[in-house]
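Here are my notes on the model you sent over. Have a look at the picture first, then go through the points in order.

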Amino acid sequence: FTKAKFDAATLDELEDLLIQADLGVDTAQRITQEVGRQRHERGLDAAGVRGVVATEVEKALADVAKPLVVDNAPKPFVILMVGVNGSGKTTTIGKLAQKFRSEGKSVWLAAGDTFRAAAVEQLAVWAGRIGVPIVKKDIGADASGLAFEALEKAKAANADVLMIDTAGRLQNRSELMQELEKIARVIKKLDADAPHAVLLVLDATVGQNALGQVEAFQKTAGVTGLVMTKLDGTARGGILVAVAEKFGLPIHFIGVGEGVVDLEPFDARDFARALVGLD
Amino acid sequence: MFDTLQDRLGGIFDKLRGRGALSESDVGEAMREVRRALLEADVALDVVRSFTDRVRERAVGAELLKTVKPGQMVIKIVHDELVATLGSDAQPISLAAAAPVPILMVGLQGSGKTTSTAKIAKRLQDRDKRKVLMASLDTRRPAAMEQLAVLGQQVGVATLPIVAGQSAVQIAERAMQAGRLGGYDVVMLDTAGRTTVDESLMAEAAEVKRVAKPHEVILVADALTGQDAVNTARAFDGALGITGIVLTRVDGDGRGGAALSMRAVTGKPIKLIGVGEKMDALEDFDPERIAGRILGM
Ligand SMILES: Nc1nc2c(ncn2[C@@H]2O[C@H](COP(=O)(O)OP(=O)(O)OP(=O)(O)O)[C@@H](O)[C@H]2O)c(=O)[nH]1
Ligand SMILES: Nc1nc2c(ncn2[C@@H]2O[C@H](COP(=O)(O)OP(=O)(O)OP(=O)(O)O)[C@@H](O)[C@H]2O)c(=O)[nH]1
Ligand SMILES: [K+]
Ligand SMILES: [Mg+2]
Ligand SMILES: [Mg+2]
């Protein structure tokens, strides 16, 4: 942007920036129009413009930036991790387990991905790293049976948190989506309120398909909150803005690497500033 | 979406009925709708721009045929141009090199490299009767090597024995040696996922390429990718000189604009598509089909 007060071309440039961050055409246009409206009221230079855009993005996200509250009333607090293939479910469980442990909570893991090659081993490595118990069965076992057994064991051990991993699945595969519904239904036999949180893990590189993911997983799995992974790459995850506007689901965490410490609380202001390139 | 684009274009062109040829301004309005449709399908913005420029050029002055509605004609031009950009002829994995032919698989974290490695190995073995060895160079992700070993057992393809403590480059050297000594036709090298801004991991991949001298460097990318597809494709191509692309999760309901973005910025062919988690869920790339999806047809 030039030093001078900006014109229509600058607004187009701005819309482009937002589209390139995956906000989608409608959300990008809405924000651009809002910034355009404000240009009359304030004489803004390049940095100023970005600042206003960041503020608009932040506004759209402020209400959904919420920490995950783990209350200890019904022990254990059961978290079900869901999402499409490869989004980062298993890794996020490892990172969260470490976070809960460092808060002094006792944590159990359930290797509920009984489908993918070495998925159980992958979670077992994380359990070993952090030093938490894991309930697992052979590949091909029924995931809801495994989840039931894990909750029984975690209950008996008076654990604070149980995290259940699930196999990745695309949201248009209705038979696989039904499986998630079944897991939730089966563990309710042991605790009518379980799962207490259902976290949908979104990959930051995803485009407009994220809207369909949120819709389908919310409908069949009862998603209560979101985690966005892989924000350490070049993707800026702008679809979250459209997701926030459409669904209003809480966003709890972001993943910023593959290591155990690479998990941060979702912060609307930081996210918005990174999105428009202000750091 | 096709209906929407068709409806929108229909609406724009209805008022033109009875005119001889499309003017610049008639087409300009239509191109705004095409742009929106492509962006909603996740085609990257700069790719959309050059694409609509080409379509505009072809559409301006095009004769309005009596039998065809102008909206449909523009959609046909868009469709044909999409197919042309995506690459009209299917290009298989090339094995035209001295055995063992090294094939290097690269991509972002979780894109589907390990799964695709095993699927391709199975295909080369079952269809092309090649003796294939697979090796995991992923020293980072928990149980990555076990994952490839399990898949190798499932499809009946040999995997390089796991030796703890070796670097990716050392494993690549060992794999090529085992490939030569074992009389293998193909050695498939699966690598750890990496972000393109991770300089040390990108350098590691370049070093692997230097020692293994792969005949194919395949970028494995998720069909659900949004605008970042261009960054990813450019960065991997720039650092490693990719020879082709495998697009995964085409079994999803994503519109697949990433295919157009990646092909357009690298000029490298999309060779295969992944259409499921099972080992036989691999298909040849069909530009017609992807073009139809991008347009929502
Ligand atoms: N760079 C980066 N990589 C990540 C992040 N989170 C996960 N990953 C990587 O993404 C890849 C996939 O992660 P997983 O945790 O296996 O994903 P998943 O959703 O469990 O995958 P499936 O179970 O196969 O569906 C792995 O290589 C992880 O190390 C992140 O925040 N940043
Ligand atoms: N539905 C579907 N799932 C796929 C496809 N290809 C791979 N997957 C799944 O995607 C997830 C990730 O696949 P991997 O092969 O582990 O991906 P990767 O690129 O090796 O991951 P990292 O090594 O962690 O970077 C797994 O759950 C696979 O089963 C596909 O074409 N369709
Ligand atoms: K023309
Ligand atoms: Mg997993
Ligand atoms: Mg892998």
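Is Val60(B) buried, partly exposed or exposed?

1. Val60(B) is partly exposed, since its relative accessible area is 28%; buried means under 20%, exposed over 50%, and partly exposed in between, using a 1.4 Å probe and the protein chains only. Arg58(B) also counts as partly exposed, at 42% relative accessibility.

2. A word on what you're looking at. This is a predicted model, where local features need pLDDT of at least 70, side-chain atom pairs count only at pLDDT 80 or more, and totals for chains, interfaces and linings use all residues. Residues are numbered from 1 along each chain as its sequence is written, chains are lettered from A and ligands numbered from 1 in the order written, and side-chain values use heavy atoms, leaving out hydrogens and water.

3. On confidence, the model scores ipTM 0.96 and pTM 0.96. Chain B has a mean pLDDT of 92, with 95% of its residues at 70 or more; pLDDT is the predictor's confidence in each residue, from 0 to 100.

4. Glu57(B), Arg58(B) and Val60(B) each coordinate the potassium ion (ligand 3) through O, at 2.6 to 2.8 Å. Along the sequence, these donors follow the spacing E-R-x1-V. Donors are N, O and S atoms within 2.8 Å of the metal (3.2 Å for Na, K and Ca), and water is not among the atoms, so the site may look incomplete.

5. Ligand 1 has 23 residues around it, with Lys89(A), Thr90(A), Thr91(A), Asp232(A) and Glu258(A) coming nearest; around here means a heavy atom within 4 Å. The site is shared between chains, because residues from both A and B surround ligand 1. Helix H4 (residues 89-102) of chain A gives the largest share of the shell, four residues.

6. For polar atoms at ligand 1, a side-chain atom of Glu258(A) sits 2.7 Å from a ligand oxygen, and an N or O atom in the side chain of Gln122(A) is 2.9 Å from an oxygen of the ligand.

7. Ligand 2 has 24 residues around it, and the nearest include Gly112(B), Lys113(B) and Arg141(B). Chains A and B both contribute residues, so this site is shared too. A polar side-chain atom of Thr114(B) lies 2.7 Å from an oxygen of ligand 2, while for Arg249(B) the distance from such an atom to a ligand oxygen is 2.9 Å.

Key
A polar contact is a pair of N or O atoms within 3.5 Å; within protein, one must be able to donate a hydrogen and the other to accept it, and residues adjacent in sequence count only if both atoms are side-chain atoms. Helices (H or I, at least four residues) and strands (E, at least two) are DSSP runs, numbered from the N terminus.
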